[in-house]
Amino acid sequence: TWHLKKIPQIVRERTFSLDSPKFEAKTKLELNSVCGIECQRKLPVPSLSDLKNLLSYETVFENGTRTLTEVNVLGAVLDPAANTTTRRPLRKKRQIYGTDSRFSIYDKKFMTNFPFNTAVKISTGCSGILVSPKHVLTAAHCLHNGKDYVKGSKRLRVGLMKTKSRGNGRKRKGAKRNGLPSFQWTRVKSTHIPKGWFKGVSGDIALDYDYAVLELKRPHKRKYMELGISPTIKMMPGSMIHFSGFDNDRSGQLVYRFCSISDESNDLFYQYCDAEPGSTGSGIYLRLKEPNKKKWKRKIIAVYSGHQWVDINGEQQDYNVAVRITPLKYAQICFWIHGNDGNCTQG
């Protein structure tokens with residue numbers, strides 16, 4: 001069952017104008033030397049002033065202007081056991097291993113219906129998920145490498161799967177065959193990235209803050225997926241998660257997968273999902289019962305950060321990693337979507 005939780009408040013304090021970004025970074029769908037689960041075990045629990053710094057955020061607008069918004073955090077519970085993990089994962093190559101367990105969704109009926117139609121393509125090569133009529137959740141590193149915004153993020157666009165072809169059902173010249181999705185591309189009006197993602201704030205890139213929200217220039221009329229607070233592995237049916245994205249090795253196809261999570265920290269899931277670059281930024285979801293109802297509901301509980309290389313005892317190990325939606329991140333993403341914290345008191 002989804003459990004209601006009281007959410008900390010993220011309150012806007014001040015907004016400053018910054019210089020326009022250079023937009024010169026290269027898009028990297030795999031990251032090197034990030035602070036992973038073992039590295040996190042050694043980190044102190046963030047203080048309230050740390051949280052205020054990490055959850056402050058940059059906004060980039062379509063005309064290239066940029067602002068920094070400082071926030072205050074009210075009602076946060078600082079957990080001294082935050083960085084402990086449940087069990088040690090087996091060290092394996094995680095990207096694809098053994099039998100490839102991914103499903104390509106070909107059937108237009110499935111592809112254009114919930115939950116698959118909430119998956120979107122980001123023009124920098126990643127995936128994302130619709131979280132409101134105007135907002136998309138994705139991974140921060142699809143837009144920013146920790147120092148600068150990536151080249152393609154200056155004129156960022158989001159591709160929504162088309163439900164119908166124009167005309168009277170006849171195939172247009174050049175229309176894609178084999179049931180592959182075609183996209184309706186929409187410009188992005190603004191982008192929010194938490195300051196915790198930037199190098200210099202966290203010292204090194206911390207995957208904990210690898211998430212971003214894009215505001216679309218025009219609203220869509222599709223069903224979107226609501227946010228949920230990420231439960232612990234024990235509270236998930238079969239500890240299974242689900243996500244769909246546009247993997248690079250299956251060009252133009254929507255790829256769905258489900259798998260179990262092997263390890264967790266307060267902010268990250270380490271899992272065995274088969275995935276390739278391109279699915280990075282997908283919304284990971286669960287299906288749980290609504291409180292006091294017989295209905296089941298899917299909600300996004302994490303963002304797929306992708307296949308990452310992590311320093312462990314001086315050696316590079318590889319993982320598939322997802323960033324959990326904690327109460328604090330729920331508060332921040334909800335605040336970005338609604339522009340105030342009034343709609344974000346319960347999650």
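Glutamate 215 is buried, with a relative accessible area of 18%, which puts this residue under the 20% cut-off for burial. In this predicted model, glutamate 215 forms a salt bridge with lysine 134, and the closest N and O atoms are 3.5 Å apart. Glutamate 215 belongs to strand E10 and lysine 134 to the loop between strand E6 (127-130) and strand E7 (135-138), so the pair ties together parts that are 81 residues apart in sequence. Lysine 134 is partly exposed, at a relative accessible area of 23%.

**Salt bridges**

- The count of salt bridges comes to 10.
- One of them joins the side chains of glutamate 62 and arginine 187, at 4.0 Å from N to O.
- Because glutamate 62 sits in the loop between strand E2 (57-61) and strand E3 (66-74) and arginine 187 in strand E9 (residues 183-194), this pair ties together parts that are 125 residues apart in sequence.
- Glutamate 62 also forms a salt bridge with lysine 217, where the closest N and O atoms are 3.5 Å apart.
- That pair links distant parts of the chain, 155 residues apart: glutamate 62 is in the loop between E2 and E3, and lysine 217 is in the loop between strand E10 (212-216) and strand E11 (226-227).

**Nonpolar cores**

- The largest nonpolar core holds 65 residues, of which Leu55, Leu137, Val158 and Leu227 touch the most other members.
- Helix H4 (residues 327-338) supplies the largest share of this core, eight residues.
- Apart from this core lies another, of 17 residues, with Cys259, Ile284, Leu286 and Ala322 among them.
- Beyond its neighbours within four places in sequence, leucine 227 is in contact with Val131, Leu137, Lys299, Ile300, Ile325, Tyr330, Ile333, Cys334 and Ile337.

**Chain as a whole**

- The secondary structure consists of four helices and 17 strands.
- Of the 347 residues in the chain, 54% are buried.
- Residues at least 24 apart in sequence account for 76% of the contacts between residues at least 6 apart.
- The chain exposes about 16300 Å², and carbon and sulfur atoms supply 49% of this area.

Methods. Residues are numbered from 1 along each chain as its sequence is written. This is a predicted model: local features need pLDDT of at least 70, side-chain atom pairs count only at pLDDT 80 or more; totals for chains, interfaces and linings use all residues. Side-chain values use heavy atoms; hydrogens and water are left out. A nonpolar core is a set of buried Ala, Val, Leu, Ile, Met, Phe, Trp, Tyr and Cys residues joined through side-chain atoms within 4.5 Å. Buried means under 20% relative accessible area, exposed over 50%, partly exposed in between (1.4 Å probe, protein chains only). Helices (H or I, at least four residues) and strands (E, at least two) are DSSP runs, numbered from the N terminus. Contact means heavy atoms within 4.5 Å. Accessible areas come from the Shrake-Rupley method with a 1.4 Å probe; for residues, only the protein chains shown count as cover.
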